[in-house]
Amino acid sequence: MKNILIIGANSAIAKATARLYAQEHCRLYLLGRDSAALAEQRQDLLIRGASEVDIAPLDVTHFAVHEAVIDQAVGLLGQLDLVLICHGSLPDQELCQNDFDAALEAFNINALSVISLLTHLCRHMMTQNSGCIAVITSVAGDRGRQSNYVYGAAKGMVSRYLQGLRGRLFPHNIDVVDIRPGFVDTPMTEHLPKGALWASPEQVAQAVVKGIAKRRTTVYAPAFWRLIMLIVRCIPEFLFKRLRF
Amino acid sequence: MKLSSWGRYPISDSTECRPRNNAALAAALAQTLHTHSADSSCIARGMGRSYGDSALAPWVHTTTALDHFISFDENEGLLRCAAGTTLENILRVMMPRGWFLPVVPGTWHVSVGGAIASDVHGKNHHLDGSFSQHVESLRLMLASGEIQQCSAQENPHLFHATCAGMGLTGVITDATLRLRRVHSSAILQRTLRASNLDDVFALFEAHHDTRYSVAWLDCLARGSALGRSLLYLGEHADDEGFSPIGNSRVSVPFTTPAFLLNRYSMSLFNSAYYHKPVRNALEQRIEAKQYFFPLDSIQHWNRLYGKRGFLQYQCVIPDATALPAMREILTRISDAGKGSFLSVLKKLGPANHNLLSFPLAGYTLALDFKFEPAILPLLDTLDQIVLEHGGRLYLAKDARMSQDMFRRSYPRWEEMAQIRAQTGADRLFHSLQSRRLGL
């Protein structure tokens, strides 16, 4: 039985992952914006076998409350075996490139809030000398593309941050897992046309659970994205800048 | 966007919404109602596993995001869950704890809402009836956005119109199901070979008391071998053995050319399948998933029928003349050389009180035909045979039945139309199928 803190628990990937951990009888603490949805999920997870489920509201863009919220979670769970950070938004690239306020908001949600939460979390986790931090980033963070570079830059920032943090926490026996999903069919991407590369949140959740269990550092979900992104990263910049994607 | 269901025929141009909660669903219904386009009707959709056009409309409200468990009474086995919850989801959680769904169709990739709306039946219909007979109660969102609770006792008219109602009374938001206690996740299966149609009918009658029974039939066999089949009997094992349910990985990655399925390949397959080594009547222990959902182990098997998709033809014929009627149907099919890979014969129990429920005391035969214009006249001929014998076609499989055939074989359609008018459903809820059938 593990103690798991999930931030952004109403995201489709978080929900699907929480269900898998519930079936392993884990104890869960869910943080998310929509309290009614959290309460609904709490019931669901208890029926699925979670040993205990607590919920609390959190708007990740209110940085000021982060410390108190994390303290409260630690107070309740004691040991944090796994922290899963899942919140995010898909900003409108066109809006963001013309309106800095929109871009700032996208960075606040997708990057700075994660860094703020990790800052407070690390203090606690370093004292326990065990555990795992897993963050949902994105394949979009692997390279800036003109069609989606604000989101990509934010997710890429988190990936870089995690790289450094991984080294810092290594002596403390804490795993840092960077989970990079490809296209996932969730409410966040509801408006986009779907093709063969799209995965379901359940598929990603399985990759998340497996990656964490195997103590991987970077998990591409589904796994074929590792190859795709390897190729994308290898394209020379003089060519890449001419590509319209 | 282009949308189709499991048979991949027909294809509709639809706008799909996936509401995340009941408030969003109500808002989506209101939006549809106030859209001033030529046809602003909508229908609820679950996993899209009906075969034809029952879950297609200009606006489609997909319930896959409404998939949470709401409550579970461990003593009574009463599970309340949102309508988009799939049977797979329920079984993966509940089977290891000793609970099974009282009725399951041939795939577990269906939602609870869809199972109720189609009033699906399973291999135990002759003893346990259809899915909705194990629904304690359900909640239905009407065209107005108002939610009504109904059950066999509370609002029974609405309940019996909604069960088997093909989504035409409103959108089911959640339901309470009565689960069955089982003592193992395994099924004890016996396979019996029947050399012709008389034989398999006799075997069905002889094994009436067996919980589960279904026959796979070689629909291309002719003459004295007409209707030769393998009858699969099953009972829940009783040995406290619960193994975890595995994941299948086999998938048909792309649509294969339809010409691969022709009378020669099908005849070869059917013959080989019939002659496969079977230890007659010997009891085998297999996992429930394999017994109930063999085709679920091949993802996207519908792609085998090619780009144009396929039609599923499922009819039921009342007991009195089931044997001669089935003989006539099979003769017509083998004469035309239009076989199907999967021909399934099953004995059904008595009909229930639902207005548009398919099952009735008799025998049902289900066949797949790849879509081609030449198939339509053959199916029209089969329709005539079904009508002559007082039978009908399963709405969840249908993509082509005529309005006349529907009205003659579902005599309670007028009551359905009345309830739709009373609740205002006829202003909003239409599928391509309901338009075609004049409901």
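Because the model is predicted, local features were taken only at pLDDT of at least 70 and side-chain atom pairs only at pLDDT 80 or more, whereas totals for chains, interfaces and linings use all residues. Residues are numbered from 1 along each chain as its sequence is written, chains are lettered from A in the order in which they are written, and side-chain values use heavy atoms, with hydrogens and water left out.

Side chains of opposite charge can pair when their charged atoms come close. Over all chains, the structure holds 33 salt bridges (a side-chain nitrogen of Lys or Arg within 4 Å of a carboxyl oxygen of Asp or Glu). In chain A, Arg27(A) and Glu52(A) form one of these, at 3.6 Å from N to O. Arg27(A) belongs to strand 2 (residues 27-32) and Glu52(A) to strand 3 (residues 52-57), 25 residues apart; strands (E, at least two residues) and helices (H or I, at least four) are DSSP runs numbered from the N terminus. Arg27(A) is buried, at 15% relative accessibility, while Glu52(A) is partly exposed, at 39%. Here buried means under 20% relative accessible area, exposed over 50%, and partly exposed in between (1.4 Å probe, protein chains only).

In chain B, the closest N and O atoms of Asp13(B) and Lys2(B) are 3.7 Å apart in a salt bridge. This pair ties together strand 2 (residues 12-13) and strand 1 (residues 2-3) of chain B, and both residues are exposed. A further salt bridge, at 3.1 Å, joins Asp198(B) and Arg327(B). Asp198(B) lies in helix 6 (residues 197-206) and Arg327(B) in helix 9 (residues 322-336), 129 residues apart. Asp198(B) is partly exposed at 39%, as is Arg327(B) at 33%.

The contact between the chains (heavy atoms within 4.5 Å) takes 13 residues from chain A and 16 residues from chain B. Glu40(A), Ile47(A) and Arg48(A) supply 41% of the area that chain A buries against chain B, more than any other three residues. Two salt bridges cross the interface. Arg19(A) forms a salt bridge with Asp67(B), at 3.0 Å between the closest N and O atoms. On the side of chain A that touches chain B, helix 1 (12-23) and helix 2 (35-48) each supply at least two residues, and helix 2 gives the most, with five.

Technical notes: Buried area is the accessible area (1.4 Å probe) that two parts lose on being put together, summed over both.
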